[in-house]
Amino acid sequence: MSIPASLIHDLQSVKGFDEKAFLAAHQLPAVTSVRLHPVKQMQSLVRNAIVPWCAEGRVLPERPVFTLDPAYHAGAYYVQEASSMFLDYLFRAVYPERDKLRVLDLCAAPGGKSTLLASALTGESLLVSNEVIRTRASILEENMTRWGFMNTWVTSNDPRDFGKLEGYFDAIVVDAPCSGSGLFRKDARALEEWSENNVALCSQRQQRILADVWPALKEEGVLFYATCSYSPEEDEQILDWLAETYEVETLDIDVPENWNVVKTYSAQGKMAGYRFMPHLVKGEGFFIAAIRKKDETDEIRAPKFKTLHNKTVHAQTTSLLKPGVDYLCLPGKEEFFAINSVHEADFHILSKAVYLRKTGITLGSPTAKEWLPAHELAMSIDIHPDIAKIELEKEQALRFLKKEDFGVDAAPKGWLLVTYKGWGLGWVKSLGNRFNNYLPKHWRIRMDISDADWA
Ligand SMILES: C[S@@+](CC[C@H](N)C(=O)[O-])C[C@H]1O[C@@H](n2cnc3c(N)ncnc32)[C@H](O)[C@@H]1O
């Protein structure tokens, strides 16, 4: 792999950069890592090496075909680049309690940072995962559905739409679109598309995104700014731009030395940032910083609202969600969905300002005879443990996910949650000796599976 000379030139002054070791690391394959689900534990990957800065992160010895693992489809883990899991360490250092926070992940698709934040937050916190590009927003929605948390909602808006939510968020994560040099080992296109001109364009876009969303951050709230670029124009210089433009305070957090994370300080404002380089860590290139907002900011208030909670439907759904979950049952276009009761006012604030694509967990809809369960309910961590189930082995589960006959001859009639190692993959309706498969079409495995891969 040949790294652009102008990038190497730019990096000479960057702390921790060692040209020879950096180039040698780029001759090696990218590291494969996953982050385990905090609740949907399946043991399969637990024994791999732990990512030092993220207790749920694991480095794998090689890259398996994740599509062939039903545990992946059940949401037992998320495939995420190890360096970027450092958000977990920073976030926990800034918020030891992680309770009653409103958090926005502004550039969220496909969902790496959002699933990480969902794992870290308590149920009374609310995570809004946003992705402006519609096609990418649907991938984000799918991944957040698989993760199964009621307190994570998905929006698809331009950053400027969040400007209307003045002082609403306690924390905002901006994992900005960037020139992508940190991903050269993972993504050949990042190398092909890299240019100095693109670095300059990305830097301008990063400033625009930050300026658009800045009003939505509370006074004393914290911005987590990240890129997967090595270029100082997109990293430390953006921190300096923030420090020149707004009232801010750098959050300079101690990091164990043996992790080989490089702490840097921006030239003007001395703002702390954390750099990851592949010759120093088991991971790819990454940059992150935490910045506290000090600008005086008013806080948007909840409008007066009439509750949309439907008590009658709620009573019909208590057997769907596990006891103790305090939720409201709200009507969607065709189905009802559940949100945590503490987030009712948030629903009214947010639905006035942005397009809510996924709000809580869609439960399904009532008919005269029965409840039609939604796919999101199958993936939820809050599903009732007594729901009727059919547990499948690996080959059967893969066949179910391909929407093929999965080789079970008989089962009790009615709706059954299809599970793999105890966690939901989707719904079937059993007619006694055959099944109707309700896995949404776009969730189906399309790849051909060879004889050797079924077991
Ligand atoms: C680095 S990726 C985010 C990765 C994600 N946070 C994760 O951990 O999986 C940046 C995201 O920003 C989105 N994006 C592109 N242009 C944008 C813009 N002008 N404003 C906001 N987001 C944008 C991209 O579609 C992309 O999904």
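Predicted model: local features only at pLDDT ≥ 70, side-chain atom pairs only at ≥ 80, totals over all residues.

Residues are numbered from 1 along each chain as its sequence is written.

The UniProt record, an unreviewed entry, gives a "binding site" that includes Cys107, Lys113, Glu131, Asp158 and Asp175. Such annotations may be inferred rather than shown by experiment, and their positions are in the numbering used here, with feature names shortened.

Take Glu131. It sits in the loop between strand 6 (126–130) and helix 6 (134–147). Helices (H or I, at least four residues) and strands (E, at least two) are DSSP runs, numbered from the N terminus. Glu131 counts as buried because it has 25 C-beta neighbours inside 10 Å; the cut-off for buried is 20 or more other C-beta atoms, with C-beta atoms placed from the backbone, whereas 12 or fewer is exposed and in between is partly exposed.

Now Asp175, in strand 8 (residues 169–175). Asp175 is buried too, because 22 other C-beta atoms lie within 10 Å. Leaving aside neighbours within four places in sequence, Asp175 is in contact with Cys107, Lys113 and Ala226. Contact means C-beta atoms, placed from the backbone, within 7 Å.

Which residues come nearest to the ligand? Of the 16 around it, they are Cys107, Ala109, Gly112, Asp175 and Pro177. To be near, a residue needs its C-beta atom, placed from the backbone, within 6 Å of the molecule. Helix 5 (112–120) and helix 9 (196–213) each supply at least two residues of this shell.

Definitions and conventions. Contact = placed C-beta atoms within 7 Å.
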